[in-house]
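Hi,

Here is the structure we talked about handing over. Please take a look, then read on for what came out of it.

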Amino acid sequence: MNFFVVLLKMITFVALIKIKNTKNTAMANNNKPVEKDPEVAIEQALSHSEQFLQKNGKLLIAILVAIILVVGGYFAYEHLYKAPRAESASASMFQAQDAFARDSFALALKGNDSFAGFEEIISSYSGTAQSNIAKHYAGICYLYMGEFQKAIDSFNSFSAVEGAMGQIITSQNFGLMGDAYVELGDMTNGLAFYEKAASYSDNIDTTPAYLFKAAMVNSSIGNNAKAKELFETIKNNFPRSLYARDIDKYIAVAAQKL
């Protein structure tokens, strides 16, 4: 009922504006105001509103019911389905990450009777943030286990994460994909993903690492000028990084090969 009261007021307001515009038009045409009793105007507006409600009542009810269903469905999905799934996925992730931290990669990947591994988290909790992160972890497990194509597939299914830490994880994901390609002997794709990792997030933790790997791959395939350029970028832009400590040696070797 409150909905219809609000709607009635809105229609009345629109009707009053229409009456006012009509009055202004009459003034403009005749150069003199046309007087009209305000009470009569309000009564006419209310009459129009009642006629509108009588004519379109069923349609308005249908629209209201549709809105209730959409809003109710959204809250049901968020609080009765999505939130419990995320909580359950988080519990499984904690145990899988613990196994991962202990270098038990097969256990972290497959899980056991006590907890779900990364593979099960990916399939059972699809669409959750935990499932997405599990794809990254699973890729690392496959990489350490020597299953390089599976690692690439898992890294490739990972979606970029927002925020500062998200940028670092996404950068690492690209870099690890580069590692997997290099292990398969695909230097072209390996180099492409090292460069993508280096450019995705500009920070001292990941950028110089992937610049260095990209330089080493360039050196291995004879692109010594590019290798020298990347080594110099590390020296100039990340002088405090671990990779800058012996960088002059690498620059000299690359220069000698030109």
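K110 is exposed in this predicted model, at 51% relative accessibility. The cut-off for that label is over 50%. K110 forms a salt bridge with E119. The closest N and O atoms of that pair are 3.0 Å apart. E119 itself is partly exposed, with a relative accessible area of 26%.

How many salt bridges are there by this rule? The count comes to seven.

D179 and K213 meet through their side chains, at 2.9 Å from N to O. D179 counts as buried, at 15% relative accessibility. K213 is partly exposed, at 27%.

D248 and K235 also form a salt bridge, 2.9 Å from N to O. D248 sits in helix α11 (residues 247-256) and K235 in helix α10 (residues 224-237), so the pair links parts 13 residues apart in sequence. D248 is partly exposed at 46% relative accessibility. K235 is partly exposed as well, at 38%.

One more residue: A106. It is in helix α3 (residues 105-110). A106 is partly exposed, with a relative accessible area of 42%. Which residues does A106 contact, leaving aside its neighbours within four places in sequence? They are G111 and M145. The C-alpha atoms of A106 and Y142 are separated by 8.5 Å, and the two residues are 36 apart along the chain.

Best wishes

Notes: Residues are numbered from 1 along each chain as its sequence is written. This is a predicted model: local features need pLDDT of at least 70, side-chain atom pairs count only at pLDDT 80 or more; totals for chains, interfaces and linings use all residues. Side-chain values use heavy atoms; hydrogens and water are left out. Helices (H or I, at least four residues) and strands (E, at least two) are DSSP runs, numbered from the N terminus. Buried means under 20% relative accessible area, exposed over 50%, partly exposed in between (1.4 Å probe, protein chains only). Contact means heavy atoms within 4.5 Å. A salt bridge is a side-chain nitrogen of Lys or Arg within 4 Å of a carboxyl oxygen of Asp or Glu.
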